[in-house]
Amino acid sequence: MPMYEFECADCSKTFDEKETFEEHDRHKEIRCPHCGGTNVHQLVTPTGVKTSKKS
Ligand SMILES: [Zn+2]
């Protein structure tokens, strides 16, 4: 399942959201996990970049 990075326009925090292609196609409403706002926009993340925060 692809991960999308979003930024909240209300609290300016970023978060990752798992979303299926089907959900993405339907423009599923994404809520900010920090403030619960829906005023979020998707960030364009470079392809091929793997973040390995978990070790
Ligand atoms: Zn927020």
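**View 1. The whole chain.** Buried residues make up 16% of the 55 residues in the chain. Buried means under 20% relative accessible area, exposed means over 50%, and partly exposed lies in between (1.4 Å probe, protein chains only). This is a predicted model, where local features need pLDDT of at least 70, side-chain atom pairs count only at pLDDT 80 or more, and totals for chains, interfaces and linings use all residues. Residues are numbered from 1 along each chain as its sequence is written, and side-chain values use heavy atoms, leaving out hydrogens and water.

**View 2. Helix and strands.** The chain has one helix and three strands. Along the sequence they run β-β-α-β. Helices (H or I, at least four residues) and strands (E, at least two) are DSSP runs, numbered from the N terminus.

**View 3. The zinc site.** Cys8, Cys11, Cys32 and Cys35 coordinate the zinc ion through their SG atoms, at 2.3 Å. Donors are N, O and S atoms within 2.8 Å of the metal (3.2 Å for Na, K and Ca); water is not among the atoms, so sites may look incomplete. The arrangement is tetrahedral because the four donor atoms subtend angles of 105 to 122 degrees around the zinc ion. Four donors count as tetrahedral if all angles lie between 85 and 135 degrees.

View 4. The zinc donors follow the spacing C-x2-C-x20-C-x2-C. Cysteine 8 sits in strand β1 (residues 3-8), and cysteine 35 in the loop between α1 (21-25) and β3 (40-43), 27 residues apart. Cysteine 8 is buried, at 1% relative accessible area. Cysteine 35 is partly exposed, at 42%.

Methods:
Tetrahedral: all angles 85-135°; square planar, octahedral: opposite > 155°, others 65-115°.
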